[in-house]
Amino acid sequence: MKTSSEVDNYLLLDSCIVQYLLNKEISPNLRQQLKKWSGDIFNFAISEITYAELLNGTLKNKEAEVISLLDKFYSFTISKRIIKGCGKLGSVYKEYNQSLKEIDTGDRIIASTAIINNLFIVTANVRDFPFPFFSSIANYNIIFEKKRNKRMISIAVLKPNYEFITHAFNHRL
């Protein structure tokens with residue numbers, strides 16, 4: 001992994017992606033795809049909220065493994081600016097489409113972190129980062145086997161749509 005002094009570009013991992021990295025069936029293919037996406041351009045980062053989301057409900061015997069993985073990533077601090085952005089984003093989501101008001105605070109903190117820091121988000125939950133606020137720039141299906149059944153998860157790299165977000169923030173009620 002590149003150090004923060006070697007790279008200023010990050011792919012912000014949604015909490016679900018980090019959770020999949022802990023899954024022995026999914027992790028090998030996911031790591032391979034993340035490496036392809038990052039190349040020599042990007043490093044991986046998380047929001048501080050990912051610590052809370054992943055440690056919530058973690059069994060004591062798995063806690064050290066979770067913390068060890070989280071500590072490998074650059075972590076963006078949850079600043080007052082990010083919290084304000086999270087709140088405003090919730091308002092514009094609701095004004096744009098009532099169903100978007102169900103997007104939880106953790107995902108809005110991750111979205112706000114991406115918007116403020118000019119980051120792409122890697123997620124398996126694209127509905128938590130809705131179009132037209134975010135647009136997909138890359139997609140990949142990970143096929144894995146669980147209990148002798150083939151399964152699939154779709155992951156995507158999302159880019160904030162700054163023009164739409166700025167317009168939505170400036171023209172909200």
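Modeller: Two strands pair if DSSP finds at least two bridges between them. Strands are DSSP runs of E with at least two residues, and helices are runs of H or I with at least four, numbered from the N terminus. This is a predicted model, in which local features need pLDDT of at least 70 and side-chain atom pairs count only at pLDDT 80 or more, while totals for chains, interfaces and linings use all residues. Residues are numbered from 1 along each chain as its sequence is written, and side-chain values use heavy atoms, with hydrogens and water left out.

Colleague: What makes β1 and β2 a pair?

Modeller: β1 and β2 are joined by three bridges in the parallel sense. The definition asks for at least two, so the two strands pair. The bridge partner of Y10 in β2 is N43. β1 also pairs with β4, again in the parallel sense over three bridges, and L12 stands opposite I121 there.

Colleague: Which way do the residues of β1 point?

Modeller: Y10 and L12 point one way and L11 and L13 the other, yet all are buried (under 20% relative accessible area; exposed is over 50%, partly exposed in between, with a 1.4 Å probe and protein chains only).

Colleague: How do you know that the span of helix α2 agrees with its length?

Modeller: The expected span is 1.5 Å times one less than the number of residues. For the 12 residues of α2 (residues 27-38) that gives 16 Å, and the end C-alpha atoms are 16 Å apart, so the two agree. Just after α2, G39 takes a positive phi of about 50°.

Colleague: Which residues of α2 are buried?

Modeller: They are S27, L30, Q33, L34, W37 and S38. The buried residues pack against elements including β1 and β2, where contact means heavy atoms within 4.5 Å.

Colleague: Why is the meeting of K62 and E65 called a salt bridge?

Modeller: The term needs a side-chain nitrogen of Lys or Arg within 4 Å of a carboxyl oxygen of Asp or Glu. For K62 and E65, N to O is 3.9 Å, so the pair qualifies. The structure holds one salt bridge.

Colleague: Where do K62 and E65 sit in helix α4?

Modeller: K62 and E65 are three residues apart in α4 (residues 60-70), about one helical turn. An α-helix has 3.6 residues a turn, so residues three or four places apart point the same way. At 42% relative accessible area K62 is partly exposed, and E65, at 40%, is partly exposed too.
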